[in-house]
Protein chains: 2
Amino acid sequence: MSLLVVGSVAFDAIESPYGKVERIVGGAATYFAVAASFFTHVNLVAIVGDDFTEKDEAIFRGRKIDTLGLERAPGKSFFWSGKYSEFLNERLTLITELNVFADFNPQLPEKFRNARHVFLANIAPDLQRSVLKQVKGTPKLVALDTMNYWIESTPAELRETLKHVDILVINDSETRQLSNEHNLLCAARHIFKMGPSTLVVKRGEYGAMLVDRRGVFCVPAFPLEEPHDPTGAGDSFAGGFMGYLAGCGRSNDAALRRAMVYGSVLGSFAVEEFGPERLRKLKLQEIHARARHFSKLTQFTL
Amino acid sequence: MSLLVVGSVAFDAIESPYGKVERIVGGAATYFAVAASFFTHVNLVAIVGDDFTEKDEAIFRGRKIDTLGLERAPGKSFFWSGKYSEFLNERLTLITELNVFADFNPQLPEKFRNARHVFLANIAPDLQRSVLKQVKGTPKLVALDTMNYWIESTPAELRETLKHVDILVINDSETRQLSNEHNLLCAARHIFKMGPSTLVVKRGEYGAMLVDRRGVFCVPAFPLEEPHDPTGAGDSFAGGFMGYLAGCGRSNDAALRRAMVYGSVLGSFAVEEFGPERLRKLKLQEIHARARHFSKLTQFTL
């Protein structure tokens with residue numbers, strides 16, 4: 001089944017102890033779409049400026065990604081610049097230029113409106129809701145990401161949008177900020193009252209945790225000796241997670257667990273090189289091999 | 001098979017957001033011995049002052065713990081006082097009074113000298129080595145814990161002791177400090193050159209990770225809504241881990257994985273109440289039930 005994603009497609013400048021890139025295609029929807037396209041057909045809704053060339057768009061080519069919803073507007077594309085600390089565990093944002101993204105008003109092409117699986121990447125909550133309104137009927141699964149900025153500046157809009165969300169996919173600090181609870185189990189109970197029935201907490205080098213009414217499932221981060229660039233790791237996780245669920249068409253406990261593993265697999269590949277470079281070269285067989293490696297990493301018999 | 005442990009038996013004063021105790025039996029060897037005794041016979045070597053009464057010693061009674069090696073010296077027992085932050089993730093040591101522990105010179109009773117499984121809890125590295133020298137022949141498995149103080153103040157002594165150690169059981173900051181490597185896989189490779197062939201990294205609320213030449217195994221921390229007191233969690237983990245290995249008499253990959261799970265199970269119970277109170281009341285069937293819960297927490301099929 002196809003998967004609709006709305007979010008940012010951007011240019012990034014990234015510096016880490018492993019190197020520096022001045023301008024590389026990035027944005028949450030980019031990482032998400034590329035990661036998800038290994039499992040399912042992805043319908044992309046985003047906006048870029050006239051500086052986004054055919055060559056830049058090539059990242060979506062040769063994949064199961066429909067870019068009919070990639071709007072082009074006069075002006076420059078969203079630009080983000082950031083620098084990572086020595087051990088990659090801290091990130092300093094140097095520049096955020098919204099550019100054409102400031103006036104983004106996502107319009108779904110008619111053929112995208114039958115979406116049954118929807119991922120609302122990190123954009124303004126009212127825009128996320130406007131996308132949902134354009135979808136015909138009730139989708140099977142709606143997942144959402146957000147960030148501290150929206151939690152602080154548009155809490156009411158976010159609450160309204162969350163009412164229509166099944167799976168909230170955020171990091172641990174966002175979980176604590178949104179719920180006002182430090183303990184993640186208490187936070188989950190709080191968040192369930194807002195609408196989502198499933199909480200996926202991304203914990204960076206510590207992996208990810210899924211909480212729903214059935215219980216908790218934990219998956220570690222794949223141990224890597226030399227991660228190069230954490231940019232897009234969370235979006236790639238979300239892409240692997242939602243891509244797997246849309247691809248298999250199920251969302252029972254076993255499918256959610258597998259989706260968590262595939263999310264972690266995609267997130268782990270994303271950090272191996274700068275920007276989306278590793279994902280560009282990635283092969284499906286490498287994904288399955290690493291998923292089997294996750295079994296070795298976590299499985300035991302009593 | 002029996003398991004020899006040498007370490008501290010102490011009195012603790014603990015404050016956390018959940019309450020306060022002025023004086024409770026503690027010490028690494030106490031938590032370790034109680035946790036391990038669910039799986040195997042434990043031979044305890046430690047020192048206490050004449051303030052340590054029959055009533056205090058009752059924590060070891062009715063368990064498979066031999067206290068013949070619990071030396072009594074004139075003076076006061078080791079005393080530690082600490083306070084935890086709001087979310088229990090930071091600990092402030094208020095008082096450390098070594099008392100009789102300052103002159104501890106562990107002597108193994110003759111019947112303890114055939115130990116095949118040895119755990120050297122966090123004491124001076126030269127004392128840890130003196131214990132090993134008293135053991136007849138080469139034990140099957142020697143595990144060691146240490147702390148920042150010994151890594152900084154007696155690095156040469158620690159290096160010498162590590163040559164005789166199979167499994168190093170320390171936390172993540174100690175791992176980084178000892179190896180001078182931030183990445184835990186790089187740290188493990190570094191530590192393998194020092195002697196141990198297995199590294200177990202305790203990561204608190206993020207669980208634990210075992211690294212050996214075969215690869216990596218990760219286990220999460222058991223999600224608890226209301227942990228009360230983290231004191232002794234790491235020692236209880238080590239007790240569950242080594243207790244299981246000594247009890248089953250194997251140390252192959254499957255046994256090590258199970259040991260990691262039982263370590264996490266014991267650590268998770270330890271934090272549920274103040275001091276060793278939860279471990280005192282713990283039943284073997286609760287341990288097995290929580291181990292099965294760890295399966296639900298981590299297992300998936302691809």
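This is a predicted model: local features need pLDDT of at least 70, side-chain atom pairs count only at pLDDT 80 or more; totals for chains, interfaces and linings use all residues.
Local features need pLDDT of at least 70 and side-chain atom pairs pLDDT 80 or more, while totals for chains, interfaces and linings use all residues. Residues are numbered from 1 along each chain as its sequence is written, and side-chain values use heavy atoms, without hydrogens and water.

**View 1. The interface of chain B and chain A.** In contact (heavy atoms within 4.5 Å) are 37 residues of chain B and 37 residues of chain A. The area buried between the two chains is about 3300 Å²; buried area is the accessible area (1.4 Å probe) that two parts lose on being put together, summed over both. Carbon and sulfur atoms give 55% of this area. B:Glu225, B:Phe300 and B:Leu302 supply 21% of what chain B buries against chain A, more than any other three residues.

**View 2. A salt bridge across the interface.** B:Arg189 forms a salt bridge with A:Glu225, with the closest N and O atoms 2.4 Å apart. The rule (a side-chain nitrogen of Lys or Arg within 4 Å of a carboxyl oxygen of Asp or Glu) finds 4 salt bridges across this interface.

**View 3. A nonpolar patch on chain A.** A:Leu92, A:Leu94 and A:Ile95 form a nonpolar patch on the surface, together having about 260 Å² of accessible area (Shrake-Rupley method, 1.4 Å probe, with only the protein chains shown counting as cover for residues). Patch residues have over 30% relative accessible area and no salt bridge, and nonpolar side chains (Val, Leu, Ile, Met, Phe, Trp, Tyr) are joined within 5 Å. A:Leu92 lies in strand S7 (residues 91-97) of chain A; strands are DSSP runs (E, at least two residues), numbered from the N terminus.

Technical notes:
Chains are lettered from A and ligands numbered from 1 in the order in which they are written. Patches are made of residues with over 30% relative accessible area and no salt bridge: like charges are joined within 9 Å, nonpolar side chains (Val, Leu, Ile, Met, Phe, Trp, Tyr) within 5 Å. Helices (H or I, at least four residues) and strands (E, at least two) are DSSP runs, numbered from the N terminus.
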